[in-house]
Amino acid sequence: MSGPVPTVTALPDIYTRQALADQTVRWNKLLDKFQALYGSPAQFVSRSPGRVNIIGEHIDYSLYSVLPMGMTPDVILAVSTDVESSQEGTYKIKLANVDNERFPTREFEVSYSEVDIDASIHEWTNYFKSGLRGALQLLRKKYGADFKPKSMQVLMDGTVPAGGGLSSSAAFVSASALAVMIANGERNVDKKALTEVAIVSERAVGVNSGGMDQSASVFSERGSALLVSFTPSLSARPVYFPKTNPELCFMVAQSFVTSNKQETGPIHYNLRVVECSMAAAYLNAKLCPKGTELPKDAGPLGVSIRGFHQNYFKDTEKSMPEQLNELVELTKSTLTQEQGYTVEEVASGIGISVDDVKARFMSSFPVRGDRFKLRQRALHVFTEALRVLQFLSLLEDPALAPDSAHTIEYNAKLGKLMNETQDSCRDLYECSCSEIDELCKIAREAGSYGSRLTGAGWGGCSVHLVPADKIEDIKKVLLDKYYSKRQLSGTDLDGAIVVSRPMNGSAVFQLKDGKI
């Protein structure tokens, strides 16, 4: 599925028929505001969508395959290079947002030598800067260290809710990196190269990102889910759902509990990355032949649970499900401390000093924790990786395909796997919250086959596999039993529940005189 990011000249090349009317109004407003703000028309628009993850939660940074899909909510950046720097040795970046009350306009003179990002400050423009930094690294690799980027003026509009668990940050970083590359003369931006840049770039704002979010934002195709794999290298392919009766839909419901990975990373997201990396090193030391090094790989800290997995089963003929089932049992017998492990105990288990543990696992990003729950995190990773394979088999194995006019039993099997993911996220990975648990319970009782959190967790959104003929019934129950108890604005209520269709990924829209 690699190849260049598509360049389009019509909105139907991006959006479904159902979304077209609203998107046309939105894009026209963006481009009119750009003209009014900067006094000249935009030259192009860079677009990347949010995503909903169907199954495969918190395992991408352990390098196991995941199954997300792109969504209609997206980030669009109107861009022009019709601006000059006012200082020698720099280029100018003007950044504005259609919601300028929440996201004030900024202007930077950026040194040719370096893009400065202060990850300790939660500033919306950091996401653009991180995409800028990553894109420039790619451009300088291609054109040499003396490459001088063009100045840019940018107006952003984003409909992916920030902190909603639908990867607004990945959409913003991906769209930003793409915009920088197009502004600097690139005409064929490779999807895989853009994804890899976006993965590394988002880490500049203090998030140990795994890669699923950026892959889904860039690679997604309308009408299909996306199987994203990370070994032996990043790859993605479409996965189609068989015809079912009743027809299946994905409903995304917001909890309105904000989940900000950057702000809460030290005790939530980044801590889980550290715990998984520690578990990989601990299991590798205990279960692999003495002296076996954990291989360097694409994990956020340079190692991963998948690296241990590959060491342990180096010459095996066992199937992947057999391997994962065995690793579940080995984890239970090796990582026995339910209460977690102190840094000293982790160091002793791996066979290195406490200082080495801190340097290897706790120095790249800030984390806070007295005990690290290696057992629970590893068990979640192995069982969730197994659920992804089981879900994929249900979708693609002819022997498991639905073969009757009524597929309720088949639908329920898919839903059961999603429900098991939610249980594991709540109990083993501890990344759910009471509001998400409540949404899932209400939806299941109203007829959802499967309900679970999606995204980083600790708030954000839930995703529900529902029969198409019960969408309105389930919506009504969620409104009555969940949303009516919360003081929400009309705008919030309108966007609280979205029936999601798989959408296209990143694109560049070439404008004519600043118009669509």
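Me: Where does His58 lie, in terms of strands and loops?

Reply: Secondary-structure elements are DSSP runs numbered from the N terminus (helices: H or I, at least four residues; strands: E, at least two). His58 is placed in the loop that runs between strand S2 (44-55) and strand S3 (67-80). The model is predicted, so local features need pLDDT of at least 70 and side-chain atom pairs count only at pLDDT 80 or more, whereas totals for chains, interfaces and linings use all residues. Residues are numbered from 1 along each chain as its sequence is written, and side-chain values use heavy atoms, with hydrogens and water left out.

Me: Is His58 buried or exposed?

Reply: Burial is read from relative accessible area (buried under 20%, exposed over 50%, partly exposed in between; 1.4 Å probe, protein chains only). His58 counts as buried because its relative accessibility is 3%.

Me: With which side chain does the side chain of His58 make a polar contact?

Reply: A polar contact is a pair of N or O atoms within 3.5 Å; within protein, one must be able to donate a hydrogen and the other to accept it, and residues adjacent in sequence count only if both atoms are side-chain atoms. The partner side chain is that of Tyr61, at 2.7 Å from the side chain of His58. The His58 side chain also reaches a backbone atom, the oxygen of Ala456, at 2.6 Å.

Me: Which residues does His58 touch, beyond those up to four places away in sequence?

Reply: Contact is judged between heavy atoms (within 4.5 Å). With that sequence neighbourhood set aside, His58 touches Tyr269, His380, Val381, Tyr429, Cys431, Gly455, Ala456 and Trp458.

Me: In which helix does His380 lie?

Reply: His380 belongs to helix H12 (residues 374-396). His380 counts as buried because its relative accessibility is 0%. A polar atom of the His380 side chain lies 2.8 Å from the backbone oxygen of Glu57. Leaving out residues up to four places away in sequence, the residues touched by His380 include Glu57, His58, Ile59, Arg387 and Tyr429.

Me: At what angle do helix H7 and helix H10 pack?

Reply: Two packed helices are described by the angle between their axes and by the distance between the axes. Helix H7 (residues 269-287) packs against helix H10 (residues 343-350) at about 35 degrees, and their axes are 8 Å apart. Axes are lines fitted to C-alpha atoms, for helices over the stretch in contact, and angles run from 0 to 180 degrees between N-to-C directions.

Me: Which residues meet where H7 and H10 pack?

Reply: From H7, Met278, Ala281, Tyr282, Ala285 and Lys286 meet Glu345, Val346, Gly349 and Ile350 of H10.
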